[in-house]
Amino acid sequence: FIKLDSWHPHYYQWLRAWFPTTPFYFISREPRAIIASHHKKRGMHCIPGYIKPALFKIELTQLHFEDFDLYTAEVLSGYYKLLKQYASLNFAHNHFHDYTWGIAEMLTQFSKVIGLPIAHPEMINRTGFHSKFPDVPFRPDPNPAFAFRYEIAEAAYMEFYQILNPSILPMKAQ
């Protein structure tokens, strides 16, 4: 399997043409948690202009450089819109999982999709650690008050989430 970064859904058409039967596994997370995480340590896609903003269909303004969280919310909104589009395809090789469904469930689903058991204990143990700080046990970031001035990301997430699982809604952070 191939591990891609969060901006690679923008290249879906090419990737799918190159790998027509490879399972694609899209993992999502609610925007408040992502913004809180990037507030502590930004990924390069959440720094205005680091990756060409045209890829994200964002026209950079001075406001983006004054408010990186706004830029992150706009990037996330675009991601969720793409994921909604790909989920709507109902393509057998596209798979989706949201962190609110649980990490153990994600590994079980992934194992089933790739047809291999996930038996290596280190892989299971690794899920208990932070992705950006590999030696630090994972604890969810508190969602600070600033994290939700950005309805654009939450609205796009909810629209995407309804395609994924219309019977349940993700828990909203307080």
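Let's start with Val-113: at 22% relative accessibility, Val-113 counts as partly exposed. Keep in mind that this is a predicted model. Val-113 sits in helix H5, residues 103-114. Setting aside residues up to four places away in sequence, Val-113 touches Pro-23, Tyr-25 and His-95.

Now the core. The largest nonpolar core has 30 residues. Among those with the most contacts inside it are Phe-26, Phe-56, Phe-96 and Phe-160. Helices H1, H2, H4 and H7 and strand E1 each supply at least two residues of this core. H4 gives the largest share, 11 residues. Look at Phe-96. Beyond its neighbours within four places in sequence, its contacts include Phe-26, Tyr-86, Trp-101 and Phe-160.

On to charges. How many salt bridges does a search of the whole structure find? Three.

One joins Glu-154 and Arg-32, at 3.0 Å, N to O. That pair links helix H7 to helix H2, 122 residues apart. Glu-154 is buried, at 12% relative accessibility. Arg-32 is buried too, at 18%.

Next, Asp-69 and Arg-42, with the closest N and O atoms 2.6 Å apart. Asp-69 lies in H4 and Arg-42 in the loop between H2 and H3, so the pair ties together parts 27 residues apart in sequence. Asp-69 is buried, at 5%, whereas Arg-42 is partly exposed, at 23%.

Last, Glu-159 and Lys-84, at 3.5 Å, N to O. This pair ties H7 to H4. Glu-159 is partly exposed, at 44%, and Lys-84 is partly exposed, at 29%.

Definitions and conventions:
Residues are numbered from 1 along each chain as its sequence is written. This is a predicted model: local features need pLDDT of at least 70, side-chain atom pairs count only at pLDDT 80 or more; totals for chains, interfaces and linings use all residues. Side-chain values use heavy atoms; hydrogens and water are left out. A nonpolar core is a set of buried Ala, Val, Leu, Ile, Met, Phe, Trp, Tyr and Cys residues joined through side-chain atoms within 4.5 Å. Buried means under 20% relative accessible area, exposed over 50%, partly exposed in between (1.4 Å probe, protein chains only). Helices (H or I, at least four residues) and strands (E, at least two) are DSSP runs, numbered from the N terminus. Contact means heavy atoms within 4.5 Å. A salt bridge is a side-chain nitrogen of Lys or Arg within 4 Å of a carboxyl oxygen of Asp or Glu.
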